[in-house]
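This briefing is for a reader meeting the structure for the first time. It covers charged pairs and then a surface patch.

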Amino acid sequence: MNTFPDAHILDIDLTNGTIAKRSVPGNIYRLYPGGSALGVYLILQEMGSGIDPLSPENLLVFTVSPLTGLNISGLSRVCVSTKSPLTNAIGDSQAGGNFPVYLKGNGYDAVLIRGRSEKPVYIYLNGDKVEIRDAGKMWGRVTGESEKLIREDIGEDKVEIAQIGPAGENLVKFANIINMCNRANGRNGTGAVMGSKNLKAL
């Protein structure tokens with residue numbers, strides 16, 4: 001009997017503005033238990049070949065480990081997987097900080113983002129409450145400034161934010177995704193893919 005838990009996936013389509021919650025069965029999750037493994041699995045299941053990395057068809061997948069949140073040094077990691085604008089192949093990038101623990105603590109093992117918003121947005125995630133919010137006043141701002149504005153917009157200081165700065169917005173192919181203003185998903189141009197979706201932050 002399989003006792004491995006199902007993986008909880010948040011599936012967000014920025015083109016249509018739809019938000020869906022689904023799961024990956026435990027017998028599959030056991031083979032691809034978070035991080036790069038789960039991210040690449042979801043991409044290979046969901047995305048066709050030959051797409052432009054900066055097109056709406058590319059997927060951006062945030063994943064954490066089943067062990068994220070345990071009080072053990074080194075376990076708080078978030079992996080971002082996507083088709084890289086630098087290599088034109090599937091790539092991933094890892095970062096530490098508090099963001100991975102908050103993502104897992106909200107009940108999600110992965111956030112899969114597809115499509116492209118017509119205007120700059122950020123995703124607000126608080127347990128079952130998930131919203132796509134306007135990020136017009138944050139767009140063009142560096143990470144410290146936009147983090148302050150997002151906290152003011154939410155009305156909450158105790159929030160963790162993974163975001164892009166002007167480099168990602170302008171599709172610089174080596175742009176990073178930053179959390180805590182000092183932890184970077186710094187490989188494979190993940191920030192450029194996030195910018196191509198008009199997504200400022202999660």
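Which residue forms a salt bridge with Lys148? Glu152 does, with the closest N and O atoms 2.6 Å apart. The model is a predicted one, and it holds 14 salt bridges. Side chains of opposite charge can pair when their charged atoms come close.

- Helix α4 covers residues 143-154 and contains both Glu152 and Lys148.
- These two residues are 4 residues apart, about one turn of the helix.
- Lys148 counts as exposed because its relative accessibility is 52%, and the cut-off for exposed is over 50%.

- Asp11 and Arg114 form a salt bridge, and their closest N and O atoms are 2.9 Å apart.
- The pair links distant parts of the chain, with Asp11 in strand β1 (residues 7-13) and Arg114 in strand β6 (residues 110-114), 103 residues apart.
- Both Asp11 and Arg114 are buried.

**A network**
- Salt bridges link Lys129, Glu131, Arg133, Lys137 and Asp153 in a network.
- Glu131 is partly exposed, with a relative accessible area of 27%.
- Lys129 also counts as partly exposed, at 41% relative accessibility.

**A nonpolar surface patch**
- Leu67, Leu70 and Ile72 make a nonpolar surface patch of about 290 Å².
- Ile72 lies in the loop between β3 (60-64) and β4 (78-83).
- The relative accessible area of Ile72 is 51%, so this residue is exposed.

How values were computed: Residues numbered from 1 in each chain as written. Predicted model: local features only at pLDDT ≥ 70, side-chain atom pairs only at ≥ 80, totals over all residues. Heavy atoms only, no water. Patch = residues over 30% accessible without salt bridge, like charges linked within 9 Å, V, L, I, M, F, W, Y side chains within 5 Å. Areas by Shrake-Rupley, 256 points an atom, 1.4 Å probe, with all protein chains shown as cover. Salt bridge = Lys/Arg side-chain N within 4 Å of Asp/Glu carboxyl O. Buried < 20%, exposed > 50% of the residue type's maximum accessible area, 1.4 Å probe, protein only.
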